[in-house]
There are 4 protein chains.
Amino acid sequence: MSSHRSSAPRLRAAVVGASGYAGGETLRLLAAHPAIEVATVTAHSSAGRRLSEVAPHLDLGEDLVLAETTPENLAGHDVVVLALPHGQSGEISARLRESDPDALVLDLGADHRLESAQDWSDYYAGEHAGTWTYGMPELPLADGSRQRDLLASAREIAVPGCNASAVTFSLTPLVRAGLVDHRALSVVLPVGYSGAGRTAKQHLLFSEAAGGAAPYGVGGTHRHIPEILQNLRRAGGPDDARLTFTPVLVPMSRGILAVATAPVAEGIGTEDLLAALESDWGAEHFIRVLEPGAFPSTQQVTGANTVRIGATVDRRSGQATVIAAIDNLVKGTAGAAVQSMNIALGLPEQAGLTRTALAP
Amino acid sequence: MSSHRSSAPRLRAAVVGASGYAGGETLRLLAAHPAIEVATVTAHSSAGRRLSEVAPHLDLGEDLVLAETTPENLAGHDVVVLALPHGQSGEISARLRESDPDALVLDLGADHRLESAQDWSDYYAGEHAGTWTYGMPELPLADGSRQRDLLASAREIAVPGCNASAVTFSLTPLVRAGLVDHRALSVVLPVGYSGAGRTAKQHLLFSEAAGGAAPYGVGGTHRHIPEILQNLRRAGGPDDARLTFTPVLVPMSRGILAVATAPVAEGIGTEDLLAALESDWGAEHFIRVLEPGAFPSTQQVTGANTVRIGATVDRRSGQATVIAAIDNLVKGTAGAAVQSMNIALGLPEQAGLTRTALAP
Amino acid sequence: MSSHRSSAPRLRAAVVGASGYAGGETLRLLAAHPAIEVATVTAHSSAGRRLSEVAPHLDLGEDLVLAETTPENLAGHDVVVLALPHGQSGEISARLRESDPDALVLDLGADHRLESAQDWSDYYAGEHAGTWTYGMPELPLADGSRQRDLLASAREIAVPGCNASAVTFSLTPLVRAGLVDHRALSVVLPVGYSGAGRTAKQHLLFSEAAGGAAPYGVGGTHRHIPEILQNLRRAGGPDDARLTFTPVLVPMSRGILAVATAPVAEGIGTEDLLAALESDWGAEHFIRVLEPGAFPSTQQVTGANTVRIGATVDRRSGQATVIAAIDNLVKGTAGAAVQSMNIALGLPEQAGLTRTALAP
Amino acid sequence: MSSHRSSAPRLRAAVVGASGYAGGETLRLLAAHPAIEVATVTAHSSAGRRLSEVAPHLDLGEDLVLAETTPENLAGHDVVVLALPHGQSGEISARLRESDPDALVLDLGADHRLESAQDWSDYYAGEHAGTWTYGMPELPLADGSRQRDLLASAREIAVPGCNASAVTFSLTPLVRAGLVDHRALSVVLPVGYSGAGRTAKQHLLFSEAAGGAAPYGVGGTHRHIPEILQNLRRAGGPDDARLTFTPVLVPMSRGILAVATAPVAEGIGTEDLLAALESDWGAEHFIRVLEPGAFPSTQQVTGANTVRIGATVDRRSGQATVIAAIDNLVKGTAGAAVQSMNIALGLPEQAGLTRTALAP
């Protein structure tokens with residue numbers, strides 16, 4: 001893409017955990033970003049290997065080698081993206097701050113998403129690492145502003161969880177507007193395997209996964225639940241929302257289809273749901289609310305930073321169904337990171353991102 | 001399998017619609033059935049072709065040719081299985097009755113499942129063809145008996161819909177026992193593509209389907225809804241249950257994973273759900289209720305006539321989650337047909353069926 | 001992507017057959033092209049529908065409607081891309097020439113690839129439509145130039161067949177250099193389903209395709225064979241090369257992995273093969289010859305315009321193995337078209353194309 | 001299946017390595033075998049777990065627990081099936097012989113397949129464990145007999161490699177009959193992921209595998225090559241056959257499609273190939289030679305013990321193409337084991353095996 005890139009000096013980025021899926025997807029997006037240069041990639045067990053071996057689908061040059069994840073290697077960058085298992089970003093970011101007080105740090109992991117130390121302790125383990133600015137620019141806030149306003153001055157950004165994003169985009173407008181019973185929210189999410197990471201585990205093998213659908217995190221244990229409820233509260237929704245949440249691994253590499261249902265308030269129809277969704281999301285470049293009767297599929301968003309949402313009321317059952325599709329690695333992770341980064345760096349919010357998906 | 005088959009004279013079966021998936025799966029099971037001989041196969045557009053061309057995975061002999069579906073060709077069989085699009089089985093079965101008053105007829109299509117002509121008119125179209133004995137042997141009935149008692153003397157059997165079966169197995173015990181709010185049932189079902197049939201349609205192409213999850217029949221329009229509510233009523237559940245129901249096509253050929261949620265009654269816990277499931281299904285050969293904390297996947301039932309069910313209560317959300325896995329073509333269609341046929345013919349209920357799945 | 005697009009006036013493009021896979025992929029690439037505006041899209045059976053319905057993964061605006069494919073609708077464009085079944089592009093392009101003598105026309109179909117009317121008659125049917133400039137810029141020609149030199153002044157471009165491209169990239173350097181026995185070339189190609197098009201056919205259904213590998217066009221009947229042999233000749237290879245060629249449909253949407261074998265000449269080793277490949281392809285931006293011992297997979301090129309090639313000599317068997325991976329819809333079709341279009345229009349050859357693939 | 005099983009006392013079997021794919025498939029077949037009872041299952045890292053946890057698709061009873069693989073645990077069985085990584089079966093079988101001199105032992109691993117210690121040393125490593133009776137009943141031998149004649153009295157059986165089987169079935173008749181140039185055999189094999197085993201490795205993850213084709217063992221290094229050449233020799237073929245062999249992992253769980261090409265002798269046509277295949281395989285229950293113009297796909301053999309073979313001569317290229325499809329876990333591994341076991345135990349050769357595949 002070099003032929004039509006800007007000739008302005010580019011900002012230097014480092015990606016930590018570059019050998020995993022979230023790190024790799026961040027690199028894929030940054031490779032096409034007009035204002036960013038990937039200067040450093042680091043890894044743990046793959047340190048010392050060339051990036052082109054570990055991620056041969058990228059095209060960042062044959063001479064980019066995975067370095068160890070040390071403060072020294074991360075010093076001197078404008079942006080540092082941490083793609084690490086949860087629990088590991090606190091220490092590295094603290095040390096990074098010492099050398100680079102002005103660097104923008106984005107955490108793709110869960111460590112800094114939650115405000116409540118109690119929530120952290122209930123759903124994760126160990127000490128709460130603190131709360132960073134939440135990387136969901138579109139989120140409407142109770143005071144009428146958007147989360148992007150907070151991101152503009154952020155130096156530390158907690159990138160949302162992929163499932164939490166899909167559910168938040170689905171339900172926030174309806175809960176905020178009081179259209180559904182927020183005490184009886186239910187979401188089932190067919191999800192792709194890349195969300196489970198690149199570490200070799202038996203249940204993630206092709207032969208185990210192909211040909212079937214396998215639920216996990218059933219029964220209220222999933223760690224994205226408190227994050228979703230926090231989003232609903234921040235958006236001006238009630239304090240006491242309740243959500244049951246069941247992801248189902250299905251044989252696809254990418255994609256989340258959040259299917260949310262909830263009893264509707266008396267007299268509420270499909271048009272009310274769509275109006276609320278349109279009201280919150282209609283001006284958002286990366287969110288598309290579909291026409292009545294249309295529902296999204298994840299094939300429509302593969303590789304794109306797009307959220308597509310459809311909704312309906314089933315009058316016989318008295319329930320609303322809202323369905324949102326995202327690519328878990330893009331709008332669910334790396335795309336949200338780049339979008340938030342753009343805002344924090346004063347770049348055009350859409351830079352390096354696309355609404356065009358790869359299909360078939 | 002001829003080496004260990006009984007040498008008793010076998011009953012003659014005809015399969016109508018043998019070139020489709022439901023017909024083909026019926027043939028696959030009958031090929032291994034110790035008491036049945038497939039004497040006749042018929043088709044519409046494939047008539048005149050050899051079965052071995054249309055279904056080369058079967059092994060029913062090179063000389064079996066697909067005949068036209070005419071009363072003459074169907075006369076003289078002990079069993080006739082109709083695997084036809086809905087709306088087509090009424091006439092053919094009426095004419096068959098004239099020549100073969102004693103033949104057992106099974107309809108894999110929807111025509112004869114519903115009792116209510118109003119339900120038929122609301123969800124399907126055209127005239128209601130009447131109601132046949134419902135082919136779900138395990139269904140507990142309000143009077144304390146089971147559906148298999150009715151099947152023993154049936155000559156006309158309506159085989160259940162595949163999605164309806166998965167949901168019925170999940171929810172019936174909980175609704176009957178009053179453990180969940182029957183007014184707020186919600187089911188999302190990742191389903192495989194074979195349920196959509198073998199007729200070539202663009203959205204069923206491999207390239208359209210692979211790599212994504214696509215909902216259909218959203219918003220209370222799915223035709224299996226009245227069948228499920230009818231099952232709940234027959235099982236002694238309340239008359240006013242309400243259900244929202246969203247199937248999602250995911251990239252697998254076979255399988256249904258029904259994920260059902262509903263608010264639980266005060267004080268109800270996981271053990272209560274499992275006890276109710278165990279009470280209704282514990283003695284059933286083809287239904288396995290899993291241990292606390294265990295949930296099924298569809299990989300575990302591919303090719304088998306098994307239902308696997310897990311359940312839990314999420315105390316934070318106040319909701320129950322019940323998950324059932326079946327193979328849509330076996331327990332969801334052809335296996336249910338063979339099981340019901342066995343009962344109606346006085347054969348061992350398990351003949352020709354297996355609980356062993358093909359994995360990986 | 002508008003944020004970093006050039007503000008120069010853009011050239012107007014029309015895509016004919018926009019509802020199919022080749023047309024859709026062309027649109028996907030043009031959507032990111034800095035110098036092209038998609039002004040018109042046409043289709044046959046989908047005419048009148050909005051593009052956003054037929055190809056919801058694209059982001060070309062909600063108001064783009066599929067027009068009928070008429071000379072009137074195609075008049076007034078700088079570029080017209082024909083994505084039609086073979087046999088249909090001759091007439092439409094002739095009529096287009098009358099109104100727009102200077103428009104650049106690219107044919108993604110087979111009609112204008114072959115020089116020999118006899119070859120056309122042997123492998124296709126009907127009258128030979130003539131020969132256009134072949135859209136493979138990298139092809140070395142017998143006179144020491146490259147095909148891109150001819151493309152610079154072309155107004156009519158025949159875009160190569162996808163399988164023909166994969167095989168040509170694999171074998172041309174070895175045959176040209178006399179390293180292998182050109183009388184005993186053998187290629188087997190696992191290929192994805194999108195190459196078979198978007199028209200609904202039973203054998204292309206997900207349930208038919210998933211879980212298996214199915215050969216087609218076995219035994220020398222495949223229409224890409226004369227195209228490959230023509231390429232070898234143009235590149236200075238012998239006139240009497242012979243090739244057996246077996247594509248195998250495997251359960252992936254995109255991708256071609258050409259696995260070519262041939263007896264090697266006495267004393268030839270892996271380093272000789274790699275040197276010949278490097279000699280012909282080393283300076284090519286979109287072709288990467290891998291290191292000794294490395295071989296490509298199609299996952300590494302999904303969505304990219306890249307060819308990746310590895311080669312080895314098996315001394316025990318006396319045979320060379322050369323393996324090339326491409327994305328059939330990009331480097332195999334739409335990417336080759338855009339690359340050739342760029343050359344013919346005097347744009348940077350790489351504009352709108354990427355070497356970065358989408359993985360996982 | 002108990003309803004139609006024989007009531008004769010059943011033979012006791014032990015399966016070593018029951019938690020892997022080969023062991024699990026052996027159990028799947030034995031579960032349906034009329035004359036065998038699975039008495040013992042053993043494993044290494046999974047020892048102590050219930051089989052129903054590790055292989056929930058089986059139905060061998062909830063009380064079957066994976067034992068340690070010790071001589072004590074394996075003593076007292078009529079049949080012991082070893083499903084171990086190569087290099088591990090020698091010691092365990094030697095110790096087993098001490099306690100159970102008459103037990104039938106089948107090795108699904110490679111240790112005892114090769115006759116030549118040199119071949120072993122060239123392609124594997126360590127000491128050659130010796131040569132057991134080769135478990136391919138259909139193999140014609142140079143003296144006019146079949147391998148099944150040797151199996152009838154065997155107590156130690158080396159089950160063939162899955163790829164070696166597919167290639168042997170394809171090429172043996174043509175090489176024996178001198179129809180093709182045995183010095184220039186070339187085979188490419190799209191294969192499924194289960195052949196790579198159940199141990200978690202990154203390149204076997206769903207997200208790595210889905211959507212692509214990846215070659216491995218390129219360039220004459222594959223360990224099945226000497227086994228194939230040995231089979232050709234045993235069948236009366238020449239001593240100096242040469243074979244290049246490239247497996248390609250494609251996104252399916254099961255299946256091998258061996259696509260073999262070789263130059264044909266002067267004047268040889270399709271009918272000659274089919275006649276040779278029919279001559280060697282026509283009387284074999286589990287091998288089906290297809291009609292002229294027909295070629296197999298792996299979907300047609302999933303779960304079955306069948307080999308399907310098609311062949312043609314491409315007169316333009318002067319090459320033969322022979323294509324064979326098998327299920328790598330059945331005819332390629334566990335089915336071949338059961339078939340050989342049946343012969344060695346004096347049971348009907350087809351017992352517990354089927355020619356009916358699971359499709360779609």
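Biologist: How many residues does the contact take from chain C and from chain A?
Modeller: There are 38 residues from chain C and 38 residues from chain A in that contact. Keep in mind that this is a predicted model.

Biologist: OK, and what area do chain C and chain A bury between them?
Modeller: About 3,100 Å², with 54% of that on carbon and sulfur atoms.

Biologist: Which residues in chain C lose the most area to chain A?
Modeller: Those are C:His57, C:Leu358 and C:Pro360, and together they make up 22% of what that side buries.

Biologist: How many salt bridges across the interface of chain C and chain A?
Modeller: The rule finds eight salt bridges there. One of the salt bridges joins the side chains of C:Arg288 and A:Glu62, at 3.5 Å from N to O.

Biologist: And how many residue pairs in polar contact?
Modeller: 17 residue pairs across the interface of chain C and chain A, both residues at pLDDT 80 or more. Helix α1 of chain C, residues 21-31, gives the largest share of the side touching chain A, with four residues.

Biologist: How many disulfides over all chains?
Modeller: Zero, from a search of the whole structure.

Biologist: Is A:Cys162 buried or exposed?
Modeller: A:Cys162 counts as buried because its relative accessibility is 14%, and D:Cys162 is buried at 15%.

Terms used:
Residues numbered from 1 in each chain as written. Chains lettered and ligands numbered in written order. Predicted model: local features only at pLDDT ≥ 70, side-chain atom pairs only at ≥ 80, totals over all residues. Heavy atoms only, no water. Disulfide = S-S within 2.5 Å. Buried < 20%, exposed > 50% of the residue type's maximum accessible area, 1.4 Å probe, protein only. Contact = heavy atoms within 4.5 Å. Buried area = accessible area lost by both parts, 1.4 Å probe. Salt bridge = Lys/Arg side-chain N within 4 Å of Asp/Glu carboxyl O. Polar contact = N/O pair within 3.5 Å; in protein donor to acceptor, adjacent residues only side chain to side chain. Helix = DSSP H or I, 4+ residues; strand = E, 2+ residues; numbered from the N terminus.
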